[in-house]
Every structure is written in structure tokens, then in C-alpha cells.
Amino acid sequence: MSAALHTPLVDLLGCRYPIVQTAMGWVARPELVAASCNAGAFGFLAAASLRAEEVGPAIDRVRELTDQPFGVNFHMFQPGAAKIVDTVIAAGVRAVSFGRGPDKAMVRRFRDAGIVCMPTVGAVRHAQKMVSIGVDAITIQGGEGGGHTGFVPTTLLLPQVLDAVKVPVVAAGGFFDGRGLVAALAYGAAGVAMGTRFLMTRDCPVPEPTKTRYTAAGLDDIVLTTRLDGLQHRLIRNEVLAGFEHAGPLGLLVGALRNALRLKRLTGAKLGELVEAARGMQREGGLSFGQALMAANSPVLIERSMIQGRPSEGVMSTGQVAGILDDLPSCEELVARIVSEAEGRLRELCGG
Ligand SMILES: Cc1cc2nc3c(=O)[nH]c(=O)nc-3n(C[C@H](O)[C@H](O)[C@H](O)COP(=O)(O)O)c2cc1C
């Protein structure tokens, strides 16, 4: 392997290549995480869509499928977050990633347990804040990335964060091939992280009818909306999204309440915990309480596409990159292809 691909990230995470499979709610389940890790990448298990008591068994399941190190993603506003922190520390996974709400004490607990802290950020000030509370590395997610996302494109956010912090920085948002990996390394990143590209693999346990919507989508089918849950969310256009876009304020509120009740059933959370989660999102995202109530829409509707395989009745979070991808390789094929393309580009750039 080219020495350029042996970056500090590879040593920090214990993977073969500087490629991360990011956490995706209802998508980054044990099968995908293990397949990514077995292929030489580093996978994050999505625990933000699990009940606290499901996290330990999911970690055990990953360990049945791979002997490679992997990480867990969650957020501090989810019901049972404190229990998830305890479970992850007891399990001794290699790394954690989190988007919202971590504090210095929590980061200290993980680091004392030898667990790498690698949050994802969408703005330079968040990167600085995370470094100030002691994280080991940062993943930046540029605006073209999947799920909740910001406005600043990867090509601007990456150099901005690289100039602002001293820890290894991983680039996410729009990556899918070896050219992108070499470009990120040329900026000074320690590797790339990909969500949508790993969702669009044969190993990803998302049902075929939903994956077919991803392979069929063009760039024009992918939109950014705040109508779903009050935050900027990138989705594949479909019937459900059209409904949100045409609904009035009352319709949105009634829909949000209905989904909050469904979420309560789905997660076993108490109503008070869901209200607390909404309040946390409200504080963090600068939202009104009505908008924060809509937070329940995303998990309920994503579950319908990603677990139930009913993409016309749910929503599909995605990066823009789905608009130019139309294949479903295995993780092994994908990672091997990216590494081989990257090595080819590096040879050409270095004149031989
Ligand atoms: C279907 C889907 C679900 C996601 N769910 C989460 C999540 O639960 N937690 C999180 O931190 N990021 C989540 N993300 C964001 C990804 O982890 C990642 O940062 C993003 O997909 C990177 O951009 P890319 O899709 O262009 O590779 C999700 C993305 C997608 C596509």
C-alpha cells in the first residue's frame, strides 16, 4: 500500500485504510459495520436509532461478524444516553462519534477508557469547541453530505477546519471514490468518511425497494428541506416529502404529534424523555419548540424506508452523491476499488 494512505487516522482507529463508514440511523447496523471493517475501512454502528438496552447486543453482534475494531455513534439528547455511554465504555469499542451535546466530562470518561472521540461537525466553530473539550479527531461534514447537514461545502469547510485545529481531520460529504480520497489527503485531511456510498452497497441491510430508489435518483431528485424536522435535512424527493412541502402549519403539527406517538411506541421512550430530547434539539439548533417537536418525524419516517422497505411511505436521507451513483458493490469491492483508484492517482501525480 502507498505510504500516503497510511495516515494518522489508520493508527488512531486501527483500520487498514483511511476510510470511515459513518453512522446512519437505522442503516449502519451490525451487518454493514462488520462488512466495512472486514473490507479494511472503519465502521461506526448507529446507536442513535437504538433503544439503550439494544446497544450492548448490537455491539456483540458486530463482534460475532468481525474481529476488526469499530466505533459507536449516538447523541446526548436521545432517551437513555447515559446508559449508552456506560455500555460503550464497558464494551471497550475503539471509538465514539457524536453530533450533539457532548461535554468535557463525557469526553474525559471515554478517553480515560482508551476510546477515541471523533465527533462530526458542520462548522468551524463547532470543530474548535470540540477540540477545546478534548476530542482526538474531527470529522467535518460538508453541505453536500447526507442527513442533517449545513450550507458550507466540503471544499470550503475542510481547509477552514484544517487551518483552525491541530487534531486529525477526516473529510465527509460527497466522497465516493479514490480521486476524492486523494483530493482530501492533498488538502491535509487524515482520511475520508462516507455515509451514502456505504448505504449503497450489497452488504447494507436496507431492503431492496429502498436501495432501488437510491440507485435510480439523479441529482435533481435530491433536495434540502427544513419541513421534515425543523433542521436542514437532505432527502430523496418522494410522495411523503411532497406532502410535507404542501402541508399548512396545523397539518405539520398534527403530523408531528402523530409521529411522536409512533416514536414512543417504536423506542419504548417515555413522553417526558421525548420532550426532553426535543428541548435539547431546540437549544442546540436554535429552533422553536414547535419545530423541535417535529424531531420525531425523522426517525419514524426513516425507519419506514430503511427497516420496513416502504420508501413511498417514509423518507430517505441521502447525500447529493446518490445522484451520481447507480451501483451496489459489496463493501469489499468498494474499498478495494477506492484504494486501487487512489494508488493509481498518486502514481500519476508523482510522475510514475
Ligand atoms: C440515511 C442516513 C442516515 C444518517 N444518520 C445519521 C445519524 O444517525 N447520526 C449521524 O451523526 N449522522 C447521520 N448521517 C450522516 C452521515 O453519518 C454522514 O456524515 C454523511 O452521510 C456523510 O455524507 P455522504 O452521505 O455524502 O457520504 C446520516 C446520513 C444518511 C445518508
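**Ground rules.** I number residues from 1 along each chain as its sequence is written. Because the model is predicted, local features need pLDDT of at least 70 and side-chain atom pairs count only at pLDDT 80 or more, while totals for chains, interfaces and linings use all residues, and side-chain values use heavy atoms, with hydrogens and water left out.

**Entry 1, the whole chain.** I looked up the secondary structure and found 16 helices and twelve strands. These are DSSP runs numbered from the N terminus: helices are H or I with at least four residues, strands are E with at least two. The C-alpha box is roughly 65 × 45 × 40 Å along the principal axes.

I found 54% of the 352 residues buried. Buried means under 20% relative accessible area, exposed over 50%, and partly exposed in between, with a 1.4 Å probe and protein chains only. For contacts (heavy atoms within 4.5 Å), I took residues at least 6 apart in sequence, and 64% of these contacts join residues at least 24 apart.

Which residues come nearest to the ligand? I read off A23, Q141, G174, G195 and T196, from 19 residues around the ligand. Near means a heavy atom within 4 Å. The shell holds five nonpolar, 14 polar and no charged residues. Nonpolar covers Ala, Val, Leu, Ile, Met, Phe, Trp, Tyr, Cys and Pro; charged covers Asp, Glu, Lys and Arg; the others, Gly among them, are polar.

I looked at backbone N or O atoms next. One of A23 lies 2.6 Å from a ligand oxygen. One of G174 lies 2.8 Å from a ligand oxygen. One of G25 lies 3.0 Å from a ligand nitrogen. The protein covers 88% of the 600 Å² of accessible area that the ligand has on its own. Accessible areas come from the Shrake-Rupley method with a 1.4 Å probe.

Is T22 buried or exposed? T22 is buried, at 18% relative accessible area. I placed T22 in the loop between β1 (19-21) and α2 (30-38). Leaving out residues up to four places away in sequence, T22 touches A28, F44, A193, M194 and G195.

In α8 (residues 178-187), I listed G178, G180, L181, V182, A184 and L185 as buried. Their cover includes β1, α7 (154-164), β9 (169-172), β10 (191-194) and α16 (331-349). G188 follows α8 with a positive phi, near 115°.

How values were computed: A polar contact is a pair of N or O atoms within 3.5 Å; within protein, one must be able to donate a hydrogen and the other to accept it, and residues adjacent in sequence count only if both atoms are side-chain atoms.
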